[in-house]
Amino acid sequence: MAGKQGVVLEAGDDWAIILLPGGEYKRIRTKEHLQIGQLYHYKNSLAIKSVSVAAVLLLMVAAGLDFFTVTAWAHFSPGIELGINRWNRVVAVETTDSTLKIDNNALSLKGKNLNQAINLIVEEQVSQPQAEATFKSELSVSLSLKDKHDIKTKEKLLDQIESCLKASAAKKNDQSAARVVRNDHELKVVVETVNPVKTNKSNKQSKKDYNNFPKANKEQKLPQGAINNPPRADSWKKNQSAEKVKKESEKQLEKQFKDDNKKPALVNQKDNKKDGNKEKTEKNFRSGKYRKDKDNENKNTTSNHSKGKDKNKSD
Amino acid sequence: MQLSRNELEIMAETVWQDYNSGNKDILNDFYPRILPFCLRVSSKTCGRYIEEFDEEASIARMAILEAFENYNPQRGNFMYYLARVVHSRIIDYQRREKKRPVPLSFLKHKVATDISSGENEIEEILNELSRAEEIKRFSAVLGEFQITLKDLAELAPKQQRARDKALAIAWLVAKDTEMCTLLLQKKTLPLKELEKKYAINRKTADKYRKYIIAAVLIVVYDLSLLKTYIKPSRKVGENGW
């Protein structure tokens, strides 16, 4: 900014009075020692200050506008839509379903990080009180970007949401198990919950579920995260009704080993790992030890028969 | 009392002629008049303010004597020659001082101006001296009207439009001999006469009375260097008061 050239009329230690073109007398503060009659280049500091303040304000307004601009919408299947800005912050929440289970006001999702928001939504979805002993709920997430051609950003966001969903699924409590399935541009979280407060009916139901669960697990070919999901195994173990069923299945296994030469079906890898007896029988069976024992058993006399039987049982 | 640029140049030439003819005592009277110029030259050379009691000031005094001894009219203007001599002696002194350990405070000083390379710097010093002389006259005249420069800084109109109006009134008064005489006699602005003759708003004139008087005095006393600063930036019409 061009200043004015004035003449020094009077000067002190740190001040001077100058006469500027246009007849303006100005008292200025200066550290340099000015002499009377000297020319002084005066810059209007007020103008510079006001311009800089205006620039800062403009920047702040622009940054604020940019912050609240939604770049992508994450659609959650229960009828909730999260508007995400370029810094992955939730800046807008819209609910399309009036009978929505998730109360967005209670969650206060606005201003939260995307990860935090997803965690809250998943938690809220799982912790919904259910009348039934077990229930299966689904939460699907899809993305729509303002710039539809920006596939990279979409993929990045989906990856982030997926990892976040997996992390929150792993945190679930003992009564629930969640798995994440990805189909192209959509993510699905399947939450299966067993309610600890049960009626007689529900106990039966849980048994059925337990028996069906490993088979279903095999058939569906779930993704790795879902198979290696420890809370699921733990939840079934801790269930009292499940323990009974487990013992029954063990007995069935033993019978199968005894009667048939057929390969026994693998039940659940995690159950086998934790049960030492099961593991041994399986190993013996595979290595042929089981057969040798059986042959020896046949050769032995009837007196030894009872002993061999006990051994096998213990194995 | 300081002299204007032309007066100083003429006086320096005359004093040199007298000194050259054998009147060595004439320098004693001339020293206080020429010293401000020499101090400004040394100040420009050093890049800081030089007072009369500084080492550089005594070097400048010695340089004046040297200039009077060695000056030849064929070398050009005496003032320019004097400035070059002062500049050279100050530089010599600084070189001598550089050999000694330099105090940290010395590093703060501005870079020295090379006066010997161009005559513009000497011209500027001479102009500064002339302006200083005018300003001294101006403040002395203002004193007669019991106005100080601080008053002007405080009471001068802040708005450009108001300043233009006040300056226009001042120029009007300065050109009107009758008004000028009244002003110089009564030491106050003839508001009534201004209102009658030029239909100038009395309130406006009274509000900026000191400012208008200062501007009138600059014009009346023909302070040419200051006069350029009090020209209104735009013309104000007769009905614009």
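Visitor: What pLDDT does chain B average? With that settled, please describe helix α2 of chain B and the helices against which it packs.

Guide: Chain B averages a pLDDT of 84, and 86% of its residues score at least 70; pLDDT is the predictor's confidence in each residue, from 0 to 100. The model is a predicted one, in which local features need pLDDT of at least 70 and side-chain atom pairs count only at pLDDT 80 or more, while totals for chains, interfaces and linings use all residues. Residues are numbered from 1 along each chain as its sequence is written, and chains are lettered from A and ligands numbered from 1 in the order in which they are written. The model as a whole scores ipTM 0.78 and pTM 0.51. Where pLDDT is low, the predicted coordinates should not be read in detail.

The helix you ask about, α2(B), spans residues 26-46. Helices (H or I, at least four residues) and strands (E, at least two) are DSSP runs, numbered from the N terminus. Two packed helices are described by the angle between their axes and the distance between the axes. Here axes are lines fitted to C-alpha atoms, for helices over the stretch in contact, and angles run from 0 to 180 degrees between N-to-C directions.

One partner of α2(B) is helix α4 of chain B (residues 78-98): the two pack at about 45 degrees, with their axes 9 Å apart. They are therefore oblique to each other, given that angles under 35 degrees count as roughly parallel, over 145 as roughly antiparallel, 65 to 115 as roughly perpendicular and the rest as oblique. The crossing is right-handed; a crossing is left-handed if the near helix is turned anticlockwise from the far one by less than a right angle, and right-handed if clockwise. From α2(B), B:Cys38, B:Val41, B:Ser42, B:Thr45 and B:Cys46 meet B:Ala83, B:Val86, B:His87, B:Ile90 and B:Ile91 of α4(B), two residues being in contact if their C-beta atoms, placed from the backbone, lie within 7 Å. This contact has seven nonpolar, three polar and no charged residues. Ala, Val, Leu, Ile, Met, Phe, Trp, Tyr, Cys and Pro count as nonpolar, Asp, Glu, Lys and Arg as charged, and the others, Gly among them, as polar.

Another partner is helix α5 of chain B (residues 120-144), which packs with α2(B) at about 130 degrees, the axes being 10 Å apart. That angle makes α2(B) oblique to α5(B), and their crossing is right-handed. On the side of α2(B) stand B:Pro36, B:Phe37, B:Arg40, B:Val41 and B:Lys44, meeting B:Glu121, B:Ile125, B:Glu128 and B:Leu129 of α5(B). By class, five residues of this contact are nonpolar, none polar and four charged.
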